[in-house]
Amino acid sequence: MTTTRIPADYGAVSPYVCVRGAAEFVDFMVAAFGAVERGRFALPDGRLGHAEVLIGDRVVMAFDAAPEWPDCISLLSLYVEDVDATFAAALEAGAHEVTPLADDAFGSRGGRVRDPFGNIWWLASHLEDITAEEMERRLAEPAYQQQMETLMATFDAEMRSRVG
């Protein structure tokens with residue numbers, strides 16, 4: 001049997017999220033994104049030393065932060081079949097809207113949520129394949145320019161709300 005150097009469910013890059021409340025973070029991913037839990041491994045003090053879920057075709061790993069560590073937020077991008085339904089499920093599971101859902105100049109529909117642990121998820125569905133020329137044309141349209149401004153402003157507001 002040949003050993004695969006990069007396991008299929010992980011890919012070359014896999015998110016490994018450090019949070020306070022990793023068990024609850026796993027539960028959130030199951031409720032919000034339909035993640036399939038693959039395992040939890042507790043440390044002697046009860047914190048999770050490692051947990052894994054499968055979302056779509058990729059593993060997301062998580063572990064509990066030590067009490068003396070600073071917060072370490074993650075920015076995660078998740079493509080889904082139905083972004084409207086997934087966005088609603090994330091809100092129902094306890095996330096808060098950061099950036100409202102909108103169609104973009106790149107052929108996708110998406111928006112951002114902040115999960116109950118402070119991580120930011122960019123949720124999107126790719127709706128159409130478009131050429132570079134079409135993207136450039138769209139980016140010149142006022143509606144898409146406004147959408148890009150909203151993307152930047154809502155993320156900036158979210159990040160500034162965490163300062164001090």
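Helices (H or I, at least four residues) and strands (E, at least two) are DSSP runs, numbered from the N terminus. By that rule, the protein open in your viewer has 4 helices and 8 strands. Before you start clicking, know that this is a predicted model, where local features need pLDDT of at least 70 and side-chain atom pairs count only at pLDDT 80 or more, while totals for chains, interfaces and linings use all residues. Residues are numbered from 1 along each chain as its sequence is written, and side-chain values use heavy atoms, with hydrogens and water left out.

**Stop 1: the whole thing**

Show the cartoon and trace it along the sequence: the pattern goes β-α-β-β-β-β-α-β-β-β-α-α. The C-alpha trace spans about 55 × 50 × 25 Å along its principal axes. Of the 164 residues, 38% are buried (buried means under 20% relative accessible area, exposed over 50%, and partly exposed in between, with a 1.4 Å probe and protein chains only).

**Stop 2: strand E4**

Go back to cartoon and select residues 58-64, which make up strand E4. Is E4 mostly covered or mostly uncovered? Mostly covered: 5 of its 7 residues are buried.

Select residues 16-19 for strand E1, which runs parallel to E4 and is joined to it by 4 bridges. Pick out Val19 there, and you'll find its bridge partner in E4 is Asp64. Then select residues 48-55 for strand E3, which runs antiparallel to E4, with 5 bridges between them. Here Val53 has Val60 as its bridge partner in E4.

Zoom in on the turn between E3 and E4: the two strands form a hairpin with 2 residues between them, and Gly56 in that turn has a positive phi of about 65 degrees.

**Stop 3: the nonpolar core**

Time to look inside. A nonpolar core is a set of buried Ala, Val, Leu, Ile, Met, Phe, Trp, Tyr and Cys residues joined through side-chain atoms within 4.5 Å. The largest one here has 25 residues, and those with the most contacts inside it are Met29, Phe33, Ile55, Trp121 and Leu123. Elements giving two or more residues to this core include E1, helix H1 (22-33), E3, E4 and strand E8 (120-126). H1 gives the most, with 7 residues.

Which residues is Ile55 in contact with, leaving aside its neighbours within four places in sequence? They are Met29, Phe33, Ala35, Val60, Leu78 and Trp121 (contact means heavy atoms within 4.5 Å).

**Stop 4: charged pairs**

Side chains of opposite charge can pair when their charged atoms come close. The cut-off for a salt bridge is a side-chain nitrogen of Lys or Arg within 4 Å of a carboxyl oxygen of Asp or Glu, and the count comes to 15.

Select Asp9 and Arg38, whose closest N and O atoms are 2.6 Å apart in a salt bridge. This pair links distant parts of the chain, 29 residues apart: Asp9 sits in the segment before E1, and Arg38 in strand E2 (residues 36-42). Asp9 is partly exposed at 29% relative accessible area, and Arg38 is partly exposed too, at 38%.

Next, jump to Arg138. Its side chain meets that of Glu128 in a salt bridge (2.9 Å, N to O). Arg138 lies in helix H3 (residues 132-139), with Glu128 in the loop between E8 and H3. Arg138 is buried, at 9% relative accessible area, whereas Glu128 is partly exposed at 34%. Arg138 also forms a salt bridge with Glu134, at 2.8 Å between the closest N and O atoms. Those two are 4 residues apart in H3, so about one helical turn separates them. Select Glu128, Glu134, Arg137, Arg138 and Glu141 together to see a network of salt bridges.

**Stop 5: Thr154**

Finish in helix H4 (residues 142-160), where you'll find Thr154. Is Thr154 buried or exposed? Buried, at 18% relative accessibility. Its side chain makes a polar contact of 2.5 Å with the side chain of Thr99 (a polar contact is a pair of N or O atoms within 3.5 Å; within protein, one must be able to donate a hydrogen and the other to accept it, and residues adjacent in sequence count only if both atoms are side-chain atoms). A polar atom of the Thr154 side chain also lies 2.8 Å from the backbone oxygen of Thr150. Leaving aside neighbours within four places in sequence, the contacts of Thr154 are Val98, Thr99, Pro100 and Arg112.

Definitions and conventions: Two strands pair if DSSP finds at least two bridges between them.
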